[in-house]
Amino acid sequence: MSTPGTVLVTGAGGHVGRHVVAGLAERGVPVRAAARDPRRLTVPAGVETAALDLTRPQTLRPALRGVRKVFLYAVPQGAAEFIAAAREAGVEQIVLLSSNTVIEWIGLPVRKPIADMHLAVEEPLAASGIPWTFLRPAHFATNVLMWQWDRMIREDGVVRFPMPESYCDAIHEKDIAAAGVAALTEPGHEGKAYFLTGPEQITQRRQAELIGEAIGRPVRFEEIGLEEARIQLKEVTVDWAMDAVLGYWAASNGVPGPLTGTVEEITGRRPLDFAQWAADHAGDFR
């Protein structure tokens, strides 16, 4: 295993970023954890913190000073300026957390806006001359938190949601982070784009059942119609993203999608299943 210099982790307080920071620190890699407000970060001992806001150019150079590698979230706003600053700083590799929608939208055009958001970072990075690695997960297990299942389950133990038989691969954020740590610390990942999935295709109904098992009380799934779902989702997302996710759920309703062995190939271990994710996040639902 090669040992890089300082690795800058953007979005270090996020679901994936915090595990990238921890994984690098465990390997003895110098880490700089960055966020808009670094005072809110909780990091392992010895990890630096830095202020970084891609929409504030004055934060770029200080955050990148002395950095050799970067773990970057795909945020289009300010991405071109960040990549230019990274090239100027002599960064040797950027591992980008992207999305498999950049490929799969072709079969599901309603997802093109999500693909475009990630391509707006992938394309300038690929053209920058900086060695890159693209991590392209399909479905984060943490999405159920975005859809407020945690609140619903805490309040009355019922998930009110559309299309309970819609499938997804539900990848654990720890597996995405582990792939990122490997790409940043081991040779041979430059110029590679990895489609990352969880180990199983699982329905939304089954996800709710496994959360119930994790918290020790049953969780019921109550199917709602699309119009009610739109009203509910409008609280947490914008219209184009709502159309994209509803389109995916409709396309995958009763239809499992593909799985890959990429997480195991990169990390050397089988990816974690949704039951483990639910156990790890049981406190969110109690």
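Let's start at one residue: leaving aside residues up to four places away in sequence, Trp249 touches Trp147, Phe161, Pro162, Met163, Ser166, Gln204 and Leu233, where contact means heavy atoms within 4.5 Å. Before going further, keep in mind that this is a predicted model, in which local features need pLDDT of at least 70 and side-chain atom pairs count only at pLDDT 80 or more, while totals for chains, interfaces and linings use all residues. Residues are numbered from 1 along each chain as its sequence is written, and side-chain values use heavy atoms, with hydrogens and water left out.

Trp249 also belongs to the largest nonpolar core, which has 33 residues; Trp149, Phe161, Trp249, Phe274 and Phe285 are the ones that touch the most other members. A nonpolar core here is a set of buried Ala, Val, Leu, Ile, Met, Phe, Trp, Tyr and Cys residues joined through side-chain atoms within 4.5 Å. Buried means under 20% relative accessible area, exposed means over 50%, and partly exposed lies in between (1.4 Å probe, protein chains only). Several elements each give at least two residues to this core, among them α7 (149-156), β7 (158-161) and α13 (274-280). Helix α11 supplies the largest share, 5 residues. These labels come from DSSP runs, numbered from the N terminus: helices are H or I with at least four residues, and strands are E with at least two. A second, separate core holds 29 residues, including Val16, Ala33, Ala177 and Val263. In soluble globular proteins, nonpolar side chains tend to be buried together.

Now look at the sheet. It is open, with 7 strands in the order β3-β2-β1-β4-β5-β6-β9 and parallel pairing; two strands pair if DSSP finds at least two bridges between them. At the edges are β3 (48-51) and β9 (192-196), each pairing on one side only. From one strand to the next, the twist averages 20 degrees. Such angles run from 0 to 180 degrees between N-to-C directions, with axes being lines fitted to C-alpha atoms, for helices over the stretch in contact.

On one side, β5 and β6 pair in the parallel sense over 4 bridges, and Ile94 stands opposite Trp132 in β6. Strand β6 is also joined to β9 by 5 bridges, again in parallel, with Pro137 opposite Leu196 in β9. Which way do the residues of β6 point? Trp132, Phe134 and Arg136 point one way, Thr133, Leu135 and Pro137 point the other way, and all are buried. In a regular strand the side chains alternate between the two faces of the sheet.

Helix α5 lies across β4, β5 and β6, running at about 160 degrees to β6. Helix α8 (residues 173-185) touches β1 (6-9), β4, β5, β6 and β9, and its direction makes about 165 degrees with that of β5. The buried residues of α5 are Ile114, Ala115, His118, Leu119, Val121, Glu122 and Leu125. Their cover includes α3 (79-88), β5 (93-97) and α11.

Finally, visit Val236, in the loop between α10 and α11. Is Val236 buried or partly exposed? Val236 counts as partly exposed because its relative accessibility is 28%. Not counting residues up to four places away in sequence, Val236 touches Met146, Trp147 and Gln148.
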